[in-house]
Amino acid sequence: MKEYLKNRCPICERRMYIYQYGYRCEKCGFKMKAFICNRYISPEEAESILYNGKVILDGFSKKDGKIFSSIPTIDGITVVLDDTVCHCPVGGRIYVGSKWFRCDKRDHCRQPCFFTHAYGVRRSYDGHLLTIEEVRSLVYEKKWPKGDCPWRADAAA
Ligand SMILES: [Zn+2]
Ligand SMILES: [Zn+2]
């Protein structure tokens, strides 16, 4: 008896079955590995990656053993890791690390990029882990979920 994910293939909308190596469409060949960079992707996480938009996952690692965070992203007929969260107003790439969001042009872009200061923007504030959507609204609408703007907090430190 095959087990299936609750939702359907993001490409062709047929059922996605669970097999030894991961999750696979019964029709078009779209598949997602259950282990990506030494991290197990549970069926619940696969569902949210494929259907609820992008999520940040921690605990990936490469051969050198270094742990990193990234964002599983649909690419063609499979899922790859892409740590890009969005782009800042001057074209820097804002990416997620294990503790910080950072801009790769932080040496060049000053304001209005929030990610130029110190290490960037912390992923966790008051026990709340910032989501991709929250970081995007911080970048594009300068909206912060709660409390002080992290940019001012970091600048004052
Ligand atoms: Zn399919
Ligand atoms: Zn920037």
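How many helices and strands does the protein have? Count 3 helices and 16 strands; here helices (H or I, at least four residues) and strands (E, at least two) are DSSP runs, numbered from the N terminus.

Before you click around, note that this is a predicted model, in which local features need pLDDT of at least 70, side-chain atom pairs count only at pLDDT 80 or more, and totals for chains, interfaces and linings use all residues. Residues are numbered from 1 along each chain as its sequence is written, while chains are lettered from A and ligands numbered from 1 in the order in which they are written.

**Stop 1: colour by confidence**

Colour the model by pLDDT, the predictor's confidence in each residue, from 0 to 100. The average for the protein is 86, and 88% of the residues score at least 70. Now select residues 153–157: here the pLDDT is below 50, and this stretch has 5 contacts in the model beyond near neighbours in sequence. (Two residues are in contact if their C-beta atoms, placed from the backbone, lie within 7 Å.) Where pLDDT is low, predicted coordinates should not be read in detail.

**Stop 2: the open sheet**

Select residues 3–8, which are strand 1, then 15–19 for strand 2, 22–25 for strand 3 and 31–33 for strand 4. You're looking at an open sheet of 4 strands in the order 1-2-3-4, with antiparallel pairing; strands count as paired if DSSP finds at least two bridges between them. Strand 1 and strand 4 stand at the edges with a single partner strand each, so one side of each has no neighbour in the sheet. From one strand to the next, the twist averages 25°. Axes here are lines fitted to C-alpha atoms, for helices over the stretch in contact, and angles run from 0 to 180 degrees between N-to-C directions.

Zoom in on strand 3 and strand 4, which are antiparallel and joined by 3 bridges. Pick Gly22 and you'll find its bridge partner, Lys33, in strand 4.

**Stop 3: Leu5**

Next, click Leu5, in strand 1. Is Leu5 buried or exposed? Leu5 counts as buried because 20 other C-beta atoms lie within 10 Å. The cut-offs are 20 or more other C-beta atoms within 10 Å for buried, 12 or fewer for exposed, and partly exposed in between, with C-beta atoms placed from the backbone. Leaving out residues up to four places away in sequence, Leu5 touches Met16, Ile18, Tyr23, Pro43, Ala46 and Glu47. Draw a distance from Leu5 to Tyr23: they are 18 residues apart along the chain, and their C-alpha atoms are separated by 8.0 Å.

**Stop 4: helix 1**

Select residues 43–51, helix 1, which lies across strand 1, strand 2, strand 3 and strand 4, at about 25° to strand 1. Its buried residues are Ala46, Ile49 and Leu50. After helix 1 comes Gly53, with a positive phi near 90°.

**Stop 5: two turns to inspect**

Go to the loop between strand 5 (35–36) and strand 6 (39–40), where you'll find Cys37 and Asn38. Most residues other than glycine have a negative phi. Yet Cys37 has a positive phi of about 45°, and Asn38 has one of about 65°. Cys37 is partly exposed, with 16 other C-beta atoms within 10 Å; Asn38, with 12, is exposed.

Then select residues 57–61 and 67–70: strand 7 and strand 8 pair in the antiparallel sense over 3 bridges. Ser61 has Ile67 as its bridge partner in strand 8. This hairpin has 5 residues between the strands, and Gly65 takes a positive phi near 85°.

**Stop 6: the cores**

Finish inside. A nonpolar core is a set of buried Ala, Val, Leu, Ile, Met, Phe, Trp, Tyr and Cys residues joined through C-beta atoms within 7 Å. The largest has 15 residues, of which Ile94, Phe101, Phe115 and Val135 touch the most other members. Strand 12 (93–96), strand 13 (100–103) and helix 2 (132–141) are the elements giving it two or more residues. A second, separate core of 11 residues includes Leu5, Met16, Phe30 and Val79.
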